[in-house]
Amino acid sequence: LRYRELAGYGLAFAMAAIFVGTNPPNRPEFRTRASAEGHFLLGSYLATPKPDGPGDLRRAAEEYARSVAIDPAAHRRSALARVLYELQDYDGASRQFSRAVAEHPGNASARIEWGDFLVTRKEWEAAATQYRKAIELAPGGGRIPRSLNDVEYNLSTSMLADGRTEEAVSL
């Protein structure tokens, strides 16, 4: 037996039990949310590297896509985009990040993740735009998953790469 794998399944079961316990199935929206969350959790498990090698990214992408089809929340689209990026489907990743921001324009986390993706593509100005907007949406770092300093660092790095030294230094 592989105890780590069993522990992973046990953790997923415990999370599902907590979810069901706090979201009674007699609510009409339960089926939709529960199904989307179930696919999302399975995708997260499949994407996680295992002791004997990497996660199953193709199956993870399929589960994340099912989750997004049911409930296109920003965190679901971003997770799908990250896996597509790992699978080197850069166009697919870009579409998912773009849609996450278009559908949830007030979500600072989605903008940061899209900015990070744009940096990997060397699209400095577009990345800087996303980082700036994230900072505007969450002044003082509120609702940003990383520290505000990290986001400002990424913004200044994008500006430096784009040759905008004075603007980067003035942050």
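At 5% relative accessibility, Phe117 counts as buried (under 20% relative accessible area, with over 50% being exposed and values in between partly exposed; 1.4 Å probe, protein chains only). The model is predicted, so local features need pLDDT of at least 70 and side-chain atom pairs count only at pLDDT 80 or more, whereas totals for chains, interfaces and linings use all residues. Residues are numbered from 1 along each chain as its sequence is written, and side-chain values use heavy atoms, with hydrogens and water left out.

Phe117 forms a tilted aromatic pair with Phe97. Phe97 lies in helix 5 and Phe117 in helix 6, so this pair ties together parts that are 20 residues apart in sequence. Phe97 is buried, as is Phe117. Here helices (H or I, at least four residues) and strands (E, at least two) are DSSP runs, numbered from the N terminus.

A search of the whole structure finds 4 aromatic pairs. Rings of Phe, Tyr and Trp (its six-membered ring) pair if their centres lie within 6.5 Å; planes under 30 degrees apart count as stacked, over 60 as edge-to-face and the rest as tilted. Among the pairs is that of Tyr85 and Phe117, which is edge-to-face. Tyr85 lies in helix 4 and Phe117 in helix 6, so the pair ties together parts that are 32 residues apart in sequence. Tyr85 is partly exposed, with a relative accessible area of 26%. Two of the pairs are set out below.

| Aromatic pair | Centre to centre | Angle between planes |
|---|---|---|
| Tyr85 and Phe117 | 5.8 Å | 85° |
| Phe97 and Phe117 | 5.5 Å | 40° |

Ring pairs link Tyr85, Tyr90, Phe97 and Phe117 into a cluster.

Helix 5 comprises 14 residues (residues 90–103), which at 1.5 Å a residue should span 20 Å, and its end C-alpha atoms are 20 Å apart, in agreement. The expected span is 1.5 Å times one less than the number of residues. The buried residues of helix 5 are Gly92, Ala93, Gln96, Phe97, Ala100 and Val101. Seen down the helix axis, these residues fall within an arc of 165° (taken from the directions from the axis to the C-beta atoms), so they line one face of helix 5. The face turned away from the buried side carries the exposed residues Asp91, Arg95 and Ala102. The cover over the buried residues of helix 5 includes helix 3 (57–70), helix 4 (74–86), helix 6 (108–120) and helix 7 (124–137), contact being heavy atoms within 4.5 Å.
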